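Work through these exercises with the sequence and the 3D structure side by side. Try each task before reading its solution.

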Amino acid sequence: MSKKIYIESLGCAKNQVDSEIILTIAKEKGYEVTKEPKEADLLFVNTCGFIESAKEESINTFFSLKDNFPNAKIILGGCLAERYSKELELEEADAIFGNHDLSKFSNLLDELEKADEQIVLAPEYPDPDKDKDDRNEFLSMPRSCYLKISEGCNHRCNYCAIPIIRGPLRSRPMDNVLAEAKRLISEGFYEINLIAQDLGAYGTDWDGKSHFPELLKTIAEFEGNFVLRLLYIHPDTFPLEIIDIIKNNKKVLPYFDIPFQHASERVLKGMKRTGNREKYLALINNIRTQIPEAVIRTTLMLGFPGEEREDFDELLRFVREARFDWMGSFLYSREEDTPAFDMRGEREHKKAIKRATPWKAELEELQSKITEENLERFVGKKYLALVEENIKGEDLSIARIYSQAPEVDGLTVIMGEGINPGDVVEVGIRKVRGVDLEAILIRKVF
């Protein structure tokens with residue numbers, strides 16, 4: 001009887017790709033993947049270490065699994081394990097595994113079979129030219145997947161721990177990315193979500209120039225029934241050429257995920273960003289002028305050192321003018337080893353976060369109204385939708401149209417029967433329900 005592995009994947013989509021690679025390696029080593037932790041002989045917690053709340057969730061998840069399933073071996077992996085591999089005193093873990101070179105997970109499994117004490121393995125970065133992705137295990141909804149085109153980041157924003165955890169930018173060889181894209185299309189994936197810390201930075205570690213437009217245009221010209229969604233593009237180095245590519249190729253969804261973080265030039269400068277409200281509004285206007293159907297999502301940060309009420313008022317003004325379709329917000333986390341860590345002490349930090357917490361609620365209330373108003377433009381129109389799941393006992397299905405990215409945005413509720421998860425269908429939007437859309441089934445496309 002083969003052993004079973006269960007993985008709890010926390011954090012971002014990039015972490016999910018890592019989890020899928022880990023599961024694929026485990027399968028090659030004879031493990032069976034299970035979705036039930038109670039069945040597992042080996043538990044793997046793929047952690048997030050980006051901000052304090054994510055670290056707390058990671059540790060709590062680890063101990064919950066350890067307490068509930070004490071007979072299984074358990075590994076703490078991912079960003080938290082990588083960041084603190086030499087400092088963690090977590091004797092409850094059978095192994096601690098960093099995420100720089102996932103191929104070494106095979107070696108870890110071999111060692112785990114015979115080890116009598118905890119294993120700590122945090123290997124160095126692999127040679128990017130030898131990079132390949134042979135995932136055959138996917139954690140997304142049917143016919144949707146993520147395609148990671150690079151690792152690490154060179155922007156070095158003052159608040160961000162990602163370069164500490166993931167290292168400098170390392171773009172995957174273009175031939176490898178294109179080969180993986182072709183494979184995913186041939187295997188029937190309809191929605192391919194391109195991800196990186198910053199898509200626009202792809203290839204800048206080679207010669208200082210963004211090669212993302214070239215990559216995007218090449219994939220978009222492949223044959224097959226698929227669409228591309230772009231997730232995460234830094235606003236200060238946004239490659240404007242992609243607007244024209246998206247405008248002229250229907251295989252690239254007009255969906256832009258641009259984490260502006262703030263609008264006050266003073267706060268942005270403290271973050272080591274070069275934008276301001278006027279520059280960011282000009283980018284948004286450029287996108288919407290050329291692509292009227294464009295959907296724009298952003299992420300905003302509150303409580304950064306130096307932020308005052310007038311800075312927050314400028315951010316509110318920015319959000320009113322930008323009228324984002326979707327927005328996420330979070331409170332600044334004081335992360336050791338980042339430049340922003342020394343901008344204020346812990347006592348001042350707690351005061352600032354306490355002050356910024358109601359600002360966050362005010363901002364989200366404003367955006368909620370804008371989102372609902374923006375959704376009205378979809379009513380009465382027809383769109384293709386990717387079905388994610390059926391509602392048991394009802395003739396209802398949950399799906400997403402082009403304006404809805406996996407997990408982070410609203411959903412489309414389809415009234416009708418005879419469709420299954422993974423189907424691409426044409427729907428007619430008939431009304432807005434909060435942040436979701438209600439639709440009727442018109443026909444199954446493929």
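**Exercise 1.** How many bridges join strand E13 to E14, and do the strands run parallel or antiparallel?

Solution. First, the ground rules. This is a predicted model, in which local features need pLDDT of at least 70, side-chain atom pairs count only at pLDDT 80 or more, and totals for chains, interfaces and linings use all residues. Residues are numbered from 1 along each chain as its sequence is written, and side-chain values use heavy atoms, with hydrogens and water left out.

Step 1. Find strand E13 at residues 295–302. Helices (H or I, at least four residues) and strands (E, at least two) are DSSP runs, numbered from the N terminus.
Step 2. Count the bridges to E14: there are six, and the two strands run parallel. Strands pair if DSSP finds at least two bridges between them.
Step 3. E13, helix H12 (residues 309–322) and E14 form a right-handed β-α-β unit. Right-handed means that, with the strands pointing away from the viewer, the path from the first strand over the helix to the second runs clockwise.
Step 4. Look at the cover on E14 (residues 326–331): five of its six residues are buried. Buried means under 20% relative accessible area, exposed over 50%, partly exposed in between (1.4 Å probe, protein chains only).

**Exercise 2.** Which residues of H2 are buried, and where on the helix do they fall?

Solution. 
Step 1. Take helix H2, residues 52–68. Its 17 residues reach 24 Å from first C-alpha to last, close to the 24 Å expected at 1.5 Å a residue. The expected span is 1.5 Å times one less than the number of residues.
Step 2. List the buried set: Ala 54, Lys 55, Ser 58, Thr 61, Phe 62 and Leu 65.
Step 3. Look down the axis of H2. The buried residues fall within an arc of 125°, so they line one face. The arc is that of the directions from the helix axis to the C-beta atoms.
Step 4. Recall the helix geometry. An α-helix has 3.6 residues a turn, so residues three or four places apart point the same way.
Step 5. Turn to the face away from the buried side. It carries the exposed residues Asn 60, Asp 67 and Asn 68.
Step 6. Find the packing partners of the buried residues: strands E1 (4–9), E3 (42–47) and E4 (73–77), and helix H3 (78–83).

**Exercise 3.** What is the strand order of the open six-stranded sheet?

Solution. 
Step 1. Read it across: E2-E1-E3-E4-E5-E6, with parallel pairing.
Step 2. Inspect E3 and E4: they pair in the parallel sense over five bridges. Phe 44 has Ile 75 of E4 as its bridge partner.

How values were computed
Contact = heavy atoms within 4.5 Å.
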